[in-house]
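Some labels for a fold rest on cut-offs.

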Amino acid sequence: MRTPPNPFRFDREVSGDFFCGREADIKAILSHIGNGTNLIMFAKRRSGKSSLIKEVFENHLSKDILSTHIDIFTISTRRELYEYLKAGIETSLVGKETNLEKLSNLTQSLRGLFDNAEVKLTISSSPSLEIVTTQRDYFKAITDLFSGYFAYLDKMNKKAVIAIDEFQKILSLSEGEKIEALLRTIANKRGSVSFIFTGSKKNLLLSMFNDKNRPFYKLGMEYRLEKIAKEVLFAWVEERLKRKELLIDENAFDLLYKEAQGEPRFIQMALYALYEEKQPMSVIDRGDMMRCIEEIIAYKSDFFLLFDTYSVTKQNTLKILAKTNGEDIYNKENLEAFEISSSSLQSTVKSLLKSGEIHEEGGGYTFEDVEFKMWLSRI
Ligand SMILES: Nc1ncnc2c1ncn2[C@@H]1O[C@H](COP(=O)(O)OP(=O)(O)OP(=O)(O)O)[C@@H](O)[C@H]1O
Ligand SMILES: [Mg+2]
C-alpha cells in the first residue's frame, strides 16, 4: 500500500487541509471585511498570520468580494512597491477567471478608469490582464492605480479586501514617510474596501497606528492573533496521523506544544519529520518527540554566532528565560545559578521585550524564535 502524502507542512503558508482551527478568527475577520473595517493584525513571527489570510480568502470569503494578498517583505524601492501593489490589484480583478470572453469584457470595463495607464489583455499560454502605466513618478502611479481600482468597484458596486503583509516594510523605503502619508490618503478614500495590514514587527507596526503624529493613526482596528489552543491542535494532529495509522501519546504532544510555545510552524515541522520516519501501526511517544526536537536543534549551528552578539547579562537572562520556558523566572535558584540580581534581570527582560526578542504572553514570556529558546535551554 502507498503511504498517504505527508499531511503536515511547515515551509510555506498553509490553507485548506493543512490549516487547523482559528474558527473564531475566521468569523471575526469575515465580519470586519463585510463592514469595510480596516484591521491591523499583529502576532509574532511564524504564528500563522499569512496562513489565516490565505485560508479566509481561499476558502471562506464570498465570491462577490474581490481580494488580494500582497506580501511586500522583499521590496526595497518605491517602484517595487508599485509593482507589487499593481500585481495584487490585477490578481484581485481577475480572480480565478480564465474564460477569455469574460476577461475581455473585464478589460473593456476597466478601460479609461486608470489615469496614465492602459489595461491590456495578453493571451499567451494563459490569458492575463495587465495595467501598464507610463507614469514614472511612482507616488503618482500608486495614486492612479488605486483611484482606478476604486472607480471600478464603485461602477460595479463591488466590495474588496486588500491584505498587505509585512506592512512595516514601507518604513524602510526611501521617503517612507511620504509613502505612509500617500497610503493613508488612499486608505481613507476607500469606500467599500477594507485593508488588512499585518506584520511581525509589532513595535514598528503599532508605532505607525498608535502615534498621533503619524498618518496611519487610528486608521484601523487592532487585531491580536492568539495561539491555536492546544486541544484544537491535538485533535487536528491525531486525525492526520491516523492517515498512516499512527497514534500519538498525549504527553508527547504536550511536550511539543510546550517546547514550541504553541508556535504552529515548529509543531508542523516536528510532526512532518515523525510522520516520515515512523512505521504504520506505531505510537509516537515522549522519547520519539524528544529525539525529534534534539535533531532539529542540532542543525542550528549559527545560534553560536547569535549568542555571541549579546552581553553577558543578556546571555544569562536569555538562558534563564529559555530554561524556565519563560515562567517564574525570578525564583531565587535561577538568580543564584546565573549570578544575576533580580533588578538586573528585570531591566534586561525589559530591554529584550523592547527589541522584540521576547514577548509577554499569559503571564510569562515567549521567544520570537522558539528554536533559539530550545537551543539556549540545551547549552
Ligand atoms: N492555522 C494553522 N494551522 C496549521 N498550521 C499553521 C497554521 N498557521 C500557521 N501554521 C504553520 O506555521 C507556519 C508559518 O505560518 P505563516 O507563514 O502563516 O506565519 P506568519 O505569522 O505569516 O509568519 P511570518 O511572520 O514569518 O511571515 C506554516 O507554514 C504552518 O506550518
Ligand atoms: Mg507571513
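Predicted model: local features only at pLDDT ≥ 70, side-chain atom pairs only at ≥ 80, totals over all residues.

Residues are numbered from 1 along each chain as its sequence is written, while chains are lettered from A and ligands numbered from 1 in the order in which they are written.

Q: What describes the packing of helix α1 (residues 23–35) and helix α2 (residues 49–59)?
A: Their angle is about 65°, and their axes are 10 Å apart. Axes are lines fitted to C-alpha atoms, for helices over the stretch in contact; angles run from 0 to 180 degrees between N-to-C directions. The helices themselves are DSSP runs (H or I, at least four residues; strands are E, at least two), numbered from the N terminus.

Q: Why is α1 called roughly perpendicular to α2?
A: The class spans 65 to 115 degrees; under 35 is roughly parallel, over 145 roughly antiparallel, and the rest oblique. The pair's angle is about 65°, so α1 counts as roughly perpendicular to α2.

Q: Which residues make the α1 and α2 contact?
A: From α1 come Asp25, Ile26, Ile29 and Leu30; from α2 come Leu52, Glu55 and Val56. Contact requires C-beta atoms, placed from the backbone, within 7 Å. By class, five are nonpolar, none polar and two charged. Nonpolar covers Ala, Val, Leu, Ile, Met, Phe, Trp, Tyr, Cys and Pro; charged covers Asp, Glu, Lys and Arg; the others, Gly among them, are polar.

Q: Why are α3 and α5 described as roughly parallel?
A: Helix α3 (residues 78–94) and helix α5 (residues 138–156) cross at roughly 15°, and their axes come within 9 Å. The two are therefore roughly parallel to each other. Arg78, Arg79, Tyr82, Leu85, Lys86 and Ile89 of α3 meet Tyr138, Ala141, Ile142, Leu145 and Tyr149 of α5. That contact has eight nonpolar, no polar and three charged residues.

Q: What makes α13 roughly perpendicular to α15?
A: Helix α13 (residues 312–323) and helix α15 (residues 342–354) pack at about 85°, with axes 10 Å apart. That angle makes α13 roughly perpendicular to α15. Thr313, Lys314, Thr317 and Ile320 in α13 meet Ser344, Leu345, Thr348, Val349 and Leu352 in α15. Here four residues are nonpolar, four polar and one charged.

Q: How many residues surround ligand 1, and which are closest?
A: The shell holds 22 residues, the closest being Gly48, Ser50, Ser51, Pro264 and Arg265. A residue is near if its C-beta atom, placed from the backbone, lies within 6 Å. The shell divides into seven nonpolar, seven polar and eight charged.

Q: Which domains supply the shell around ligand 1?
A: Domain 1 (22–97 + 136–224) and domain 2 (230–298) each give at least three residues. Such bounds come from an automatic or database domain assignment. The C-alpha centres of domain 1 and domain 2 lie 35 Å apart.

Technical notes. Contact = placed C-beta atoms within 7 Å.
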